[in-house]
Amino acid sequence: MAIQFDFASSTAAPSTGTAPSVNLQISTTVSNRMVVAYGASLNGGASAITYNGVAMTQAVLEDSTSSTTVNLAGIGVYYIFDASLPTTGGTYAVAATFAATDSQAVVGAVALSGVSQSTGGHVVASTQFTN
């Protein structure tokens with residue numbers, strides 16, 4: 001079974017400093033669905049992300065720090081498998097939670113199909129930060 005790209009969406013936080021959210025479409029005419037989302041900002045990665053109000057599983061959360069331990073930037077990457085996705089196709093909200101209100105935060109997500117529904121050796125994430 002080949003992995004297929006279905007939909008994508010992203011947005012930046014408004015200048016008011018509220019946490020960004022984005023709507024992502026999914027289909028029910030495909031099988032073995034998976035949604036992957038990220039939340040990034042200058043003040044650290046998303047500490048949680050939901051899809052249609054359901055918590056997504058964290059793959060990686062990386063926050064860079066300076067010598068004074070102040071967060072400079074970060075990203076959180078999350079996923080959710082078919083069993084936890086809505087059974088009705090449509091457009092649903094991807095909402096991120098950030099430790100600090102940040103007007104320079106972004107949230108994005110992709111919907112995939114044909115994805116193995118097991119994390120065993122399939123969900124691998126890592127990060128590397130360089131000043």
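The model is predicted, so local features need pLDDT of at least 70 and side-chain atom pairs count only at pLDDT 80 or more, while totals for chains, interfaces and linings use all residues. Residues are numbered from 1 along each chain as its sequence is written, and side-chain values use heavy atoms, with hydrogens and water left out.

Ser113 is found in strand 9; strands are DSSP runs of E with at least two residues, numbered from the N terminus. With a relative accessible area of 4%, Ser113 is buried, a term for values under 20% with a 1.4 Å probe and protein chains only. Beyond four places away in sequence, Ser113 touches (heavy atoms within 4.5 Å) residues including Ala2, Ile3, Val30 and Arg33.

Turning to the core, the largest nonpolar one (buried Ala, Val, Leu, Ile, Met, Phe, Trp, Tyr and Cys residues joined through side-chain atoms within 4.5 Å) holds 20 residues, and Met56 and Val94 are among those that touch the most other members. Strand 2 (21–26) and strand 8 (90–97) are among the strands that each supply at least two residues of this core. A second, separate core of five residues includes Met34, Tyr79, Leu112 and Val115.

Strand 2 and strand 8 pair in the antiparallel sense over six bridges, where pairing requires at least two DSSP bridges. Here Val22 stands opposite Val94 in strand 8.

How values were computed. Buried means under 20% relative accessible area, exposed over 50%, partly exposed in between (1.4 Å probe, protein chains only). Helices (H or I, at least four residues) and strands (E, at least two) are DSSP runs, numbered from the N terminus.
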